[in-house]
Amino acid sequence: MAQILLQTVWFIPCYPLIGAFLSILWFPAVTRRTGPRPSGYVNAILTFFAFAHGVIALTAIWNQPAQQQFIPWLNVAGLDLTIPVEISAVTVGATVLITGLNFLAQIYAVGYMEMDWGWARFFSLMGLFEAGMCGLVLSNSLFFSYMILEVLTLGTYLLIGLWFNQSLVVTGARDAFLTKRVGDLFLLMGVVAILPLAGTWNFDELAVWAKTANIDPTVATLLSLTLIAGPMGKCAQFPLHLWLDEAMEGPLPATILRNTVVVETGAWILIKLQPVIALSPVGLKTTIIVGAATAVGASLIAIAQIDIKRTLSYIVSSYMGLVFIAVGTGQTQIALTLMFAYTLAMGLLVMSIGSVVWNSITQDVRSLGGLWPKRPISGISFLVGAAGVIGLPPFGCFWALSELAGGLAKTHPSLLVVVLFVNGVTAFGLVRVFGLVFGGKPKQMTERSPEVAWPFILPMTVLMGFTLHVPHFLAAWQLLPLATLNYTAAGLLVLSSAIGIGAGAFIYLNDKWEKPVRIGSQAVQDFFAYDFYTAQLYRVTVIFAVGLVSQIISWFDRNIVDGFANLIGFATVFGGQSLKYNVSGQTQFYALTILFGVALLGLLVSWPLLARLSLIVGG
């Protein structure tokens, strides 16, 4: 049974696709009779089937070498587009993580979207995302991975814009789509350029080719930069990071996926392409610089936000920056470990704050407070998620971050400072959110805020259990760096966590400290709160330049192109109107007109020769 499911592991993405199709069948006519709920239930059941399929297949591939399957699709004119499927413990395990998290998110959505009539659209799009991500991790081809990323970009636009009657939702969906398209466009250039160089799109074959490739350094640099641009957009890295912040306008159950596995699709491609990017030192340095700048900048922006969801969105960008650093320094295995541990903890954080937003109406942390006695399960979930994200032993991210810090301590000491700083600031920011939401005294918006119903509690408690067991999973997979642990780097990591937690608790769990807290001048706070004024910078640079060029092209098209065409038309009409009065109907008149025209044409053609003869005669 397990072997059969292992050989048909390619069918895992088909379960959510079938669920998405069946969800769409709940048109308004059917919904009026049955209500919207059946569409969600059908999709959730098929997601569970996909999860069960993956779990059983994982037991069969565990401790076994990777396998390859090839699905014929198109072979024409020397172009072979056979779909290669990689079956390994990592890829099958990734499908289990995606389907399991999506199943919990769908149960969560049953409670969160209880009164919403857009269940069919929402659950079908969730199924589309699940299918796309499962197909991405199983695909061993850069070409097909790019195609799937394009589908996910469209799905992002549709899912963020689910509540399309709200202006902020429309703006967020549009900006997310356009921003990710910028990275996708450059990635497409890399996809097209790499085929004639390497002769393949297969990731394994690209890694083998990269070991002996001898290409021009300029070509290698341009190729690596294009391949980095796509993951930059997907992972919300500077300067393509604003879309994740605006995407918070969409339904929060979708944020559970977006802040975890969706943003990691770009990191997955980056890890697969690391051998090719390593062909260029400039490409590796760019990866490190982008990751470090995003990690530091986003962590600082997060502690200045008053929207509880946007606080988490910038932490997401920050941690994806750490993944970029790991890939840029060649520590791809650590990057995968960090992604796994981060995914569960961040999903738990999103669920926790989502339950608060759902019945407290507001997302402004200044209007919340005093929820610890009223919302103990949500509060504990937040604490477990926060502990799982930062470098706090023995939780999951501690082991990944300590191994990353240990590697950087030997090769890139300056990047070790970046990791310690980001970890400390993130710890401070999470304690800040906990103090403002769960600490202090109840406020007007939290006076009546009881614990939420079972559709919220069940996935939170299940995910809490998995988050707490991440170290056990890492030990079972022999990924705990006990033998190679750099105790100095690990100690510094724990110290940065302690400083961040202590400073946050001293300020935000201290009733004597005046709220809202003001640290530094108002200008400094605004600088971080408004995202380094990145949006304004876009407005006066890129948007202004595009608008100016558009106006110039519009003027040229309207006055030059259209003007020339209108001139020809006017001359034709005027000539026709003038000639009609000279038409007599006599043959000799037409002959005379033709001769006159030929003579005039001959005079124009021979004019340069006549002018030269006149000069000779005159001389």
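How do the residues of the lining of the second largest cavity divide into nonpolar, polar and charged? They divide into 4 nonpolar, 4 polar and no charged. Here Ala, Val, Leu, Ile, Met, Phe, Trp, Tyr, Cys and Pro count as nonpolar, Asp, Glu, Lys and Arg as charged, and the others, Gly among them, as polar.

This is a predicted model, in which local features need pLDDT of at least 70, side-chain atom pairs count only at pLDDT 80 or more, and totals for chains, interfaces and linings use all residues. Residues are numbered from 1 along each chain as its sequence is written, and side-chain values use heavy atoms, with hydrogens and water left out.

**Cavities**

A cavity is a set of points, on a 1 Å grid over the protein atoms alone, where a 1.4 Å probe fits but cannot get out; lining residues have an atom within 4 Å of a point. A volume is the space filled by probe spheres set on the points. The count is 2 cavities of 30 Å³ or more.

| Cavity | Volume | Top contributor to lining |
|---|---|---|
| Largest | about 50 Å³ | α12, 4 residues |

The lining of the largest cavity includes Met 126, Phe 129 and Arg 258. Its residues divide into 6 nonpolar, 1 polar and 1 charged. Ser 299, Thr 311 and Gly 429 are among the residues that line the second largest cavity. Helices α15 (281-302), α16 (308-328) and α20 (413-437) each supply at least two residues there. Helices (H or I, at least four residues) and strands (E, at least two) are DSSP runs, numbered from the N terminus.

**Salt bridges**

The structure holds 8 salt bridges. Each is a side-chain nitrogen of Lys or Arg within 4 Å of a carboxyl oxygen of Asp or Glu. Glu 86 pairs with Lys 272, with the closest N and O atoms 2.8 Å apart. This pair links strand β4 (residues 83-87) to helix α13 (residues 264-272), across 186 residues. Both Glu 86 and Lys 272 are buried. Buried means under 20% relative accessible area, exposed over 50%, partly exposed in between (1.4 Å probe, protein chains only).

Arg 181 has two partners here. Its side chain meets Glu 150 at 2.4 Å, N to O, and Asp 184 at 3.7 Å. Arg 181 is partly exposed because its relative accessibility is 28%. Asp 184, at 0%, counts as buried. Shared partners join Glu 150, Arg 181, Asp 184 and Lys 234 into one network.

Key:
1 Å grid on protein atoms, 1.4 Å probe; cavity = no way out; pocket = protein on both sides within 12 Å on 5 of 7 lines; lining within 4 Å.
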